[in-house]
Amino acid sequence: MKKVMSVLLAIVVTASLNAQKLTIKGSDTCLPLVQKEVEGYSKKNPNSSITVIGGGSGVGIAGLIDGSVSVAMSSRSIKMEEKQKLMDGGKTLKSATMGFDALAVVVNPANKVSQLTRQQLEDIFTGKVTNWKEVGGDDMKIVVYSRESSSGTYEFMKEHVMAKKNYAATVLSAPATGAIIQSVSQTKGAIGYVGLAYVEKNVKALSVSFDGKTFVKPSVDNAKNQTYPITRPLYYYYVSTVEADLKPYLDFALSAEGQKIVKEVGYVPVK
Amino acid sequence: MVSNLNKQLKDFKERFIEGILMVSGTVTTVAVLLIIIFLFKEGVSLFGKSPLENNISILVNEKNPLTAITAAQIKDISDQKITNWKQIGGADDSIILVTINELSTYYTDDQLGDNLQFVPDKVNELVGKTPGILGLFSTKNLGDKYTHKYLSIKDITIGSFLFGKQWFPTATPAAQMGILPLILGTLWVSFGAILFALPIGIAAAIYLAEIAGKRMRNTIKPIIELLSGIPSVVFGFFGLVVIVPIIQKLFHLDVGETGLAGSIVLAIMALPTIITVSEDAMRTTPRLMKEASLALGATQWQTIVRVIIPYSFSGISAAAILGIGRAIGETMAVIFVTGSANVIPHTLLQPMHTIPAVIAAELGEVSQGGRHYKALFALGCVLFIMTFIVNLIVQYIFSKRKHNQV
């Protein structure tokens, strides 16, 4: 009896050692993509166990720093101070790009305005411009929706479009991308931003220009050929100690099959 | 002999049960106390801290005549609302803001070193050769190399926290930690909620206690009690999809996410408490009193207004206050519908933000032990004190009720 038990125990222990246990945590923008990638990977490698958790880019990277997770997904590049904290903890950071996401600026479908320049967007989100007639629309107050400050989208918009200026205090913040779509679709003077994959028919995506001359519509093709300016890379950040465990998964995610999933979910493939 | 043994066994059993009760009571009390101590320990440690992130120093060139700067000025500088030193009392020179993140635009990665080991030298060099510089660097980035001038900044105080008008906790480099808009938002939304919930709740309670037939009561009451079992996020989304557009159309507003929408959703959520508690209070009115009133020729309505409501007044007040307590502390429902804008509200028809919603939305993101984290705990303390006051009032009213009954 004892023998049988110890054999069973040995089997259980070795089985659990063989299975990779990895947790990927972070950006809600990356979440749908990484979930699909992990699904595809697990089908081919039934032994693997990878858990994916959302919460925001900042949450994932904070997890890397305090050691609660070994892989973070992020919709913004890691900040200098975060990198420093990691180094202070004696960890070596590695990264991989999983794909690109284009950020679409959306307005209510009834809005006459269909294109804006970067400067105009900055003025709107910092509260300098408050009426649509100042940017070529009807005489109507602009209602600005933003994501919560934990969102990588929030930081990306601030750094990439608003020249690092702070949002106006009057900006309404929505707890989720779905809430922004819902609010913009039912508020006439609304403007907000969402990931390209989330754009629906009940909101209108604006063409954007960073040079003030050529306006480009947000689409997967325009993001891929780099003509659409509000595009951002999505990253995996991980500590060097899990590199060996993570490698098979990363190879899959960057393979032709993995990149096909990127496209299916609505993001822009790396290759 | 046998009966003696039995008695001993019984004694032992009773003592055992008493022991378990005592232990669970003590454990609960200790747990609650620990949570409160933790909350206040983290919250209070915010005060006396610099509004800048840990160990960040403000560096300027020796030629700069200023000696101090405020957090609000730093934010305005990084927002480019202030671009020249003379706007804040310095010399006529444009301000060049440099933090560790901008350093890479002045020096190449090679110059800074693989492990950033040359950063202190470069910071010192840059500050020395740039008269208009405003450098924000942590002591780690300075090492012992820094030889130029520092500016001082006022620490966060209880006063600046409670009465500050700007809440930009993630603003870099200088966070703005003023919670006045949040306190006022919480009060507006809760006050509005109780304004809706109280009349409707009491009316429903009177109906259930005195007017409705037995069968009616047995159907309606479980349904009302069921309301409190619905997750609050469902109420929130219901509010966003249904109530927000109605408010927008009704008042011809630019935006429907307002304090009013929050009040209505919270009123719906507070109703079960108010109805159940005040109905129970009304039903404790002694039958003799009711019958005496009716026997004197009073109508049923007169009996309700003159006998039942006065008798159960303290119970109704307690119901109202429990309802407010629920409204003040509610999170997920309001996060969807109030618009979450950090501005000081002047009417209920404006977007506003409440304390619990801020904590829920932001606590997930903060780096543990940081200044934003502490500020959220300090917000928790403020909320705790607000609900504590509400609880004191409830206790006062309950003690008054006992006095009445004697």
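Q: What do the domain bounds come from?
A: Domain bounds come from an automatic or database domain assignment. Here, chain A is divided into domain 1 (22-101 + 234-265) and domain 2 (102-224). This is a predicted model: local features need pLDDT of at least 70, side-chain atom pairs count only at pLDDT 80 or more, and totals for chains, interfaces and linings use all residues. Residues are numbered from 1 along each chain as its sequence is written, while chains are lettered from A and ligands numbered from 1 in the order in which they are written.

Q: How many residues of each domain are in contact?
A: Contact means that two C-beta atoms, placed from the backbone, lie within 7 Å. By that rule, 12 residues of domain 1 of chain A touch 12 residues of domain 2 of chain A. Helices (H or I, at least four residues) and strands (E, at least two) are DSSP runs, numbered from the N terminus. The largest share of domain 1's side, three residues, comes from α3(A).

Q: Which residues of helix α10 of chain A are buried?
A: A buried residue has 20 or more other C-beta atoms within 10 Å of its own; an exposed one has 12 or fewer, and a partly exposed one lies in between, with C-beta atoms placed from the backbone. In α10 (residues 256-265) of chain A, Gly258(A), Ile261(A) and Val262(A) are buried.
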